[in-house]
Amino acid sequence: MVNSVVESTYSENNNIQFVNFNTISDASIQWNSINCAFAGSKNVKFRYALDKGTRYLDVYVNGAKVMSDAPFEATGSWGTWGETTVQLPFKSEVNTLKVVTTGTEGPNIDKITVSPQ
């Protein structure tokens, strides 16, 4: 993580940890060691919260930008978690995935899930 921080919130007696972007440009989160048995497009589901508006992130796979300004729409509050899914190219074996702010802070991201298309 660069210019991002792990924070916690409590909801219905559950401790939820998430990453909060701290700057509007060049803050990032990176996931390492995403292992894929086969190369090809995968569905990547982001679980996130965003009070209002739309925030955009650039998406990188294995160091290459594969998506510019991926939109994350408001979920209605910082305590309401939503999901968005994008399709991204992965190679077989180990991959990295990184999202980077591009002029707006990002949403609070709780987790990702990678699955076959």
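**Reading the strands, rings and core**

Modeller: Strand E5 (residues 54-61) and E6 run antiparallel and are joined by 7 bridges. Strands are DSSP runs of E with at least two residues, helices are runs of H or I with at least four residues, and both are numbered from the N terminus. Two strands pair if DSSP finds at least two bridges between them. The model is predicted, so local features need pLDDT of at least 70 and side-chain atom pairs pLDDT 80 or more, while totals for chains, interfaces and linings use all residues. Residues are numbered from 1 along each chain as its sequence is written, and side-chain values use heavy atoms, without hydrogens and water.

Colleague: Which residue stands opposite Thr-54? And how many bridges join E5 to strand E8?

Modeller: Thr-54 faces Glu-73 in E6. The hairpin of E5 and E6 leaves 2 residues between the strands, and within this hairpin Asn-62 has a positive phi near 55°. E5 is also joined to strand E8 (residues 93-102) by 5 bridges, again running antiparallel, with Val-61 opposite Leu-97. Overall, the chain has 0 helices and 9 strands.

Colleague: How should I read a positive phi elsewhere?

Modeller: Most residues other than glycine have a negative phi. Two further residues depart from that here. Asp-26, in strand E3, has a positive phi of about 70°, and Glu-93, in strand E8, one of about 80°.

Colleague: Is Asp-26 buried or exposed?

Modeller: Buried means under 20% relative accessible area, exposed over 50%, and partly exposed in between, with a 1.4 Å probe and protein chains only. Asp-26 is exposed at 55% relative accessibility, and Glu-93 is exposed at 56%. Of the 117 residues in the chain, 37% are buried.

Colleague: How are aromatic pairs described, and how many does the structure hold?

Modeller: A pair of aromatic rings is described by the distance of the centres and the angle of the planes. Rings of Phe, Tyr and Trp (its six-membered ring) pair if their centres lie within 6.5 Å; planes under 30 degrees apart are stacked, over 60 edge-to-face, and the rest tilted. The structure holds 4 such pairs. Phe-18 and Trp-81 form a tilted one, with centres 5.9 Å apart and 55° between the planes. Because Phe-18 lies in strand E2 (residues 14-21) and Trp-81 in the loop between strand E6 (64-73) and strand E7 (82-90), this pair ties together parts that are 63 residues apart in sequence. Phe-18 and Trp-81 are both buried.

Colleague: Which kind of pair do the rings of Phe-46 and Phe-72 form?

Modeller: Their centres are 5.5 Å apart and their planes stand at 80°, so the pair is edge-to-face. Phe-46 in strand E4 (residues 40-49) and Phe-72 in strand E6 are 26 residues apart, which links distant parts of the chain. Both Phe-46 and Phe-72 are buried. Ring pairs also gather Trp-31, Phe-46, Tyr-48 and Phe-72 into a cluster.

Colleague: Where does Lys-98 lie?

Modeller: A charge sits over a ring if NZ of Lys or CZ of Arg is within 6 Å of the ring centre and within 35 degrees of the ring normal. Lys-98 lies over the face of Tyr-60, 5.5 Å from the ring centre.

Colleague: How should I read the nonpolar core?

Modeller: In soluble globular proteins, nonpolar side chains tend to be buried together. A nonpolar core is a set of buried Ala, Val, Leu, Ile, Met, Phe, Trp, Tyr and Cys residues joined through side-chain atoms within 4.5 Å. The largest one here has 23 residues, and those with the most contacts inside it include Trp-31, Phe-46 and Leu-97. Strand E3 (25-36) is among the strands that each supply at least two residues, and E3 gives the most, with 5 residues. Contact means heavy atoms within 4.5 Å. Beyond four places in sequence, the contacts of Phe-46 include Trp-31, Gly-82, Val-99 and Ile-109.

Colleague: What does the side chain of Asn-95 reach?

Modeller: A polar contact is a pair of N or O atoms within 3.5 Å; within protein, one must be able to donate a hydrogen and the other to accept it, and residues adjacent in sequence count only if both atoms are side-chain atoms. Asn-95 lies in strand E8 and is buried, with a relative accessible area of 0%. Its side chain reaches the backbone oxygen of Lys-91 at 2.9 Å, and a polar atom of that side chain lies 3.1 Å from the backbone oxygen of Glu-93.
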